[in-house]
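Hi,

Here's the structure I promised to pass on.

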Amino acid sequence: DFTGLRLVTLSACQSALGGATTDDGREVEGLSAIVQRRGAQHVVASLWRVEDRSTAQLMREMYAVFAKTPMDAARALRASQLKIRNTRQGSLEPYRHPYYCAGFLTSASQQH
């Protein structure tokens with residue numbers, strides 16, 4: 001029962017996928033959909049095998065944004081994705097490629 005939880009994050013690889021092999025939309029009916037049906041207001045989950053370092057940084061940033069500002073999870077995720085994507089290490093931008101931050105999606109419960 002996830003009733004009362006404002007945000008549940010499933011940052012493990014492919015946590016948004018349900019394993020369906022048809023291309024009819026059921027492939028995104030995974031653990032994230034179950035968590036949401038069981039009461040979570042917002043769920044963040046991944047669509048592909050994500051890289052550990054960039055994901056850890058993305059999650060820290062997303063929760064910091066979510067805690068500081070009264071925005072929804074989708075906006076917090078988007079803000080953190082943009083920040084991670086523009087991260088610089090000297091002259092390098094190691095997370096510029098969408099692979100590092102675009103693999104996450106949010107869904108919101110109709111009940112909140």
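In this predicted model, three strands make up an open sheet with mixed pairing, in the order 1-2-3. Strand 1 (7-10) and strand 3 (104-108) sit at the edges with a single partner strand each, so one side of each has no neighbour in the sheet. From one strand to the next, the twist averages 15°.

Strand 2 (residues 42-46) runs antiparallel to strand 3, and five bridges join the two.

Now for the helices. Helix 2 (residues 52-68) packs on the sheet and touches strand 1, strand 2 and strand 3. The direction of helix 2 makes about 175° with that of strand 1. Helix 3 (residues 73-85) also has a place here: it lies across strand 1, strand 2 and strand 3, and runs at about 165° to strand 3.

One residue I'd point you to is Phe 66, which lies in helix 2. Is Phe 66 buried or exposed? With a relative accessible area of 9%, Phe 66 falls under the 20% cut-off, so it counts as buried. Leaving aside residues up to four places away in sequence, Phe 66 touches Arg 6, Leu 7, Met 71, Asp 72, Ala 73 and Ala 76.

Cheers

Conventions
Residues are numbered from 1 along each chain as its sequence is written. This is a predicted model: local features need pLDDT of at least 70, side-chain atom pairs count only at pLDDT 80 or more; totals for chains, interfaces and linings use all residues. Side-chain values use heavy atoms; hydrogens and water are left out. Two strands pair if DSSP finds at least two bridges between them. Helices (H or I, at least four residues) and strands (E, at least two) are DSSP runs, numbered from the N terminus. Axes are lines fitted to C-alpha atoms, for helices over the stretch in contact, and angles run from 0 to 180 degrees between N-to-C directions. Contact means heavy atoms within 4.5 Å. Buried means under 20% relative accessible area, exposed over 50%, partly exposed in between (1.4 Å probe, protein chains only).
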